[in-house]
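Please read them with the structure open beside you.

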Amino acid sequence: MMALRKADPEPDTVSVSQTDMTADAARTVLILANPTSGSYRPARLEAICMGLTDSGYAVTLHLTKRAGEIGEIAANPGLATGILAVAGGDGSVNEAITGFQHNANPPALAVIPSGTANVLAAELGLPRKADAIAAMIARRRTKPLYYGLANGRPFVLMASAGFDAEVVHAVPLSLKRRLGKLAYGMIGAEVALSRKGEDLIVEADGELMTCRLAIATKSRCYGGPFVVCREASVTEPGLHLVTLAEDNALSALRYGLALMMGRLDRARGVKVVSAERISITAARRVPAQVDGDPFGVTPLTIEPAPLPVSIIVP
């Protein structure tokens with residue numbers, strides 16, 4: 001079996017900028033993976049490393065040791081790799097993008113889908129098998145990844161306030177790791193039956209509206225492969241706003257069924273608009289989430305990030 005090369009533990013061990021990178025350095029891949037994650041699969045990573053090595057890349061695998069390390073490595077201006085590959089879910093990708101905000105010359109980003117929902121993987125049609133992932137990264141075909149900002153915090157997929165964010169806040173990490181998507185369904189049912197909810201005041205490019213759930217999205221997908229906004233795309237500029245008028249238990253069931261059938265945008269009480277700047281407020285603070293992770297409470301100010309990053313696609 002091939003031995004995986006591991007990076008030094010500290011991100012400051014690399015020192016060549018992207019603009020000064022040689023042709024040899026450009027054919028390098030740094031893979032970041034969390035060995036404590038329930039989705040960590042060393043044999044799969046080894047197969048990807050072998051495939052990339054066979055394609056002429058120098059590959060380094062870095063196993064993270066603490067929360068926030070992916071962001072620290074991505075933010076390092078001396079990051080000397082042609083491709084930064086993140087083995088993880090949407091939260092890990094978000095962490096890398098957050099780090100890239102502080103890096104004037106970030107490398108191309110690759111995603112090795114390994115998390116709970118992997119909405120970005122569904123959005124981009126990323127492969128799941130090791131040989132296909134290695135081949136995709138080796139081809140290095142890229143598109144611009146346009147992301148958004150919620151109170152200055154990057155989001156790759158969506159930022160929202162209301163029922164879904166309450167569920168995200170309520171799901172224990174241990175349950176999420178043990179049950180995956182099922183954890184959200186279980187907690188979602190409990191929240192739907194027990195909550196009172198709150199009206200949200202949303203302003204989208206000057207238009208005011210009231211709703212119970214507001215989702216500012218870059219992605220057409222939500223919660224996996226389910227379509228929440230047909231017009232949205234992470235590889236195109238602009239934002240879309242999806243609002244739901246109701247959030248009681250019955251309407252949550254109705255909207256959930258419409259989402260699974262790909263008809264949410266046609267359901268009664270759902271509004272979809274394009275927007276460049278969105279604000280979400282409420283009479284009392286309402287939980288918020290970005291890319292499936294808790295993100296404090298309202299108010300939220302949401303806008304596109306000024307520049308995209310390059311992401312490797314099939």
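1. The side chains of Ser160 and Asp164 are joined by a polar contact of 2.8 Å, and a further polar contact of 2.8 Å joins the side chains of Ser160 and Gln289. A polar contact here is a pair of N or O atoms within 3.5 Å, where, within protein, one must be able to donate a hydrogen and the other to accept it, and where residues adjacent in sequence count only if both atoms are side-chain atoms. Please keep in mind that this is a predicted model, in which local features need pLDDT of at least 70 and side-chain atom pairs count only at pLDDT 80 or more, while totals for chains, interfaces and linings use all residues. Residues are numbered from 1 along each chain as its sequence is written, and side-chain values use heavy atoms, with hydrogens and water left out.

2. Where does Ser160 lie? Ser160 is found in strand E8 (residues 158–161), strands being DSSP runs of E with at least two residues and helices being runs of H or I with at least four, numbered from the N terminus. Ser160 is buried, with a relative accessible area of 0%; buried means under 20%, exposed over 50%, and partly exposed in between, using a 1.4 Å probe and protein chains only. Leaving aside neighbours within four places in sequence, Ser160 is in contact (heavy atoms within 4.5 Å) with residues including Ala165, Ala214, Pro287 and Leu300.

3. Strand E4 (residues 108–113) deserves a look from both sides, since six of its six residues are buried. Ala108, Ala110 and Ile112 lie on one side, with Leu109, Val111 and Pro113 on the other. Strand E3 (residues 83–88) runs parallel to E4 and is joined to E4 by six bridges, with Gly88 standing opposite Pro113. The chain passes from E3 through helix H4 (residues 90–100) to E4 in a right-handed β-α-β crossover, meaning that, with the strands pointing away from the viewer, the path from the first strand over the helix to the second runs clockwise.

4. In the loop between H4 and E4 we find Pro106, which counts as partly exposed at 29% relative accessibility. The C-alpha atoms of Pro106 and Ala80 are separated by 9.4 Å, although these residues are 26 residues apart along the chain.

5. An open sheet of six strands, with antiparallel pairing, has the order E7-E6-E19-E16-E9-E10; two strands pair if DSSP finds at least two bridges between them. Strands E7 (153–155) and E10 (207–211) stand at the edges with a single partner strand each, so one side of each is left without a neighbour in the sheet. Within this sheet, five bridges join E9 (residues 200–204) to E16 (residues 278–282), and Ala204 stands opposite Ile278.

6. The largest nonpolar core has 69 residues, and among the members touching the most others are Ile31, Leu52 and Ile137. Such a core is a set of buried Ala, Val, Leu, Ile, Met, Phe, Trp, Tyr and Cys residues joined through side-chain atoms within 4.5 Å. Helix H6 (residues 130–139) gives the largest share of this core, six residues. Beyond its neighbours within four places in sequence, Ile137 is in contact with residues including Val29, Tyr57, Ala110 and Ile312.

7. As for the whole protein, there are 10 helices and 20 strands, and 51% of the 314 residues count as buried.
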